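Me: I would like to learn how to read some features of a protein model. Could you walk me through them one at a time?

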Amino acid sequence: MNLPIETLPSTNETQAASARQRRRMGEDWKEMVREDAASTKRTLLTFLLGDAIGGLLLVGGVYLAGAILVPAGTMEFSPMFFGLLPVLVIAFVLTGLYRQQYSHPALEMPRIAALTGLIGSTAAATLYLVTGSGALALPVALWTGLGMLVMPACRGFTRVLWGQASWWGVPAVLITSEHSGRGILRTLRRWPEIGLRLVAVLTDAEDQATDAAPHGPYWLAPHLATEFDIPYAIVSMPSLTGAERANLLMRCAKFFDHVLVLPDEPSLPAL
């Protein structure tokens, strides 16, 4: 499926133009993209830190609740209790809660609550069935109930708190037409806790400047993806025909790990 030459430059023309464009890029532009693209690991560390703080609060909450609500001598702590947090972190890794840094808190927090409840209730039931001791199962049950509140809250707080930092979030490139993508820019500015951080805005216009991120022509997308290891591309090109859009998406899919195709209609949510 080929596009008209006037719409999409040929491979040789694109490579030559890309080389000229890269030479025209200032060092500040390239350094800004490189610094933003390196934010993925730091963002992951904020999630790990938030979950570690949540785990400590959870253990402290169980001890406090036991001291206040449970009569002395009716609650005992088993080794399984202290192994719950490492098991929970492993479950977060296996279910993609660290890998998928782009997510709305309203969708992510119920997943964390459900996973915490599943692990905790399974551990409590297993411990009671094996040992027959309610005193050993009780702290695990308390951990489960508190964990379904504390762990999601800590993840949401992590996103809201660190989302204000200029470096926080998974790097993304916005590929848009001249008058498109404004809703996406508004959404990312309004809800940085979603976790997408724009490192470049690429358009089909020559002089479409923006203060959101460095600006360039849209055919630079493969170069940015490969050189700076940018995993996400957000594509909003309603001005293209179906064939042109399909061609653009196929090219993006070759270089980006994730390609989000979004509308640019005022009545529809941007993300």
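Me: Which helix does Phe-255 lie in?

Reply: Helices are DSSP runs of H or I with at least four residues, strands are runs of E with at least two, and both are numbered from the N terminus. Phe-255 lies in helix H10, residues 242-255. Keep in mind that this is a predicted model, where local features need pLDDT of at least 70, side-chain atom pairs count only at pLDDT 80 or more, and totals for chains, interfaces and linings use all residues. Residues are numbered from 1 along each chain as its sequence is written, and side-chain values use heavy atoms, with hydrogens and water left out.

Me: Is Phe-255 buried, exposed or partly exposed?

Reply: Buried means under 20% relative accessible area, exposed means over 50%, and partly exposed is in between (1.4 Å probe, protein chains only). Phe-255 has a relative accessible area of 35%, so Phe-255 is partly exposed. For contacts, look for heavy atoms within 4.5 Å. Setting aside neighbours within four places in sequence, Phe-255 is in contact with Pro-222, Ala-225 and Thr-226.

Me: How far apart are Phe-255 and Asp-229 in sequence and in space?

Reply: They are 26 residues apart in sequence, and 9.1 Å apart in space from C-alpha to C-alpha. Asp-229 sits in the loop between helix H9 (221-228) and strand S4 (232-236). Its relative accessibility is 58%, so Asp-229 counts as exposed. Check its backbone as well: phi of Asp-229 is near 55°, a positive value in a residue other than glycine.

Me: Which residues touch the most other members of the largest nonpolar core?

Reply: In soluble globular proteins, nonpolar side chains tend to be buried together. A nonpolar core here is a set of buried Ala, Val, Leu, Ile, Met, Phe, Trp, Tyr and Cys residues joined through side-chain atoms within 4.5 Å. The largest one has 22 residues, and Leu-84, Phe-92, Val-140 and Trp-143 touch the most other members. Two or more residues come from each of helices H3 (39-69), H5 (84-94), H6 (105-131) and H7 (134-162), with H6 giving the largest share, 6 residues. A second, separate core of 20 residues includes Trp-219, Ala-221, Phe-228 and Ile-230.

Me: What does Phe-92 touch?

Reply: Not counting residues up to four places away in sequence, the partners of Phe-92 include Asp-51, Leu-97, Tyr-98, Ile-112 and Met-151.

Me: How many aromatic pairs are there?

Reply: Rings of Phe, Tyr and Trp (its six-membered ring) pair if their centres lie within 6.5 Å; planes under 30 degrees apart count as stacked, over 60 as edge-to-face and the rest as tilted. This rule gives 8 aromatic pairs. For Phe-77 and Phe-82, the ring centres are 6.3 Å apart and the planes are at 40°, so the pair is tilted. For Phe-92 and Tyr-98, the centres are 6.1 Å apart and the planes are at 65°, so that pair is edge-to-face. Both Phe-92 and Tyr-98 are buried. Ring pairs also link Tyr-63, Phe-77, Phe-81 and Phe-82 into a cluster.

Me: Where is the kink in H7 centred?

Reply: The bend at a residue is the angle between axes fitted to the seven residues ending there and the seven starting there. In H7 a kink of about 40° is centred on Gly-147.
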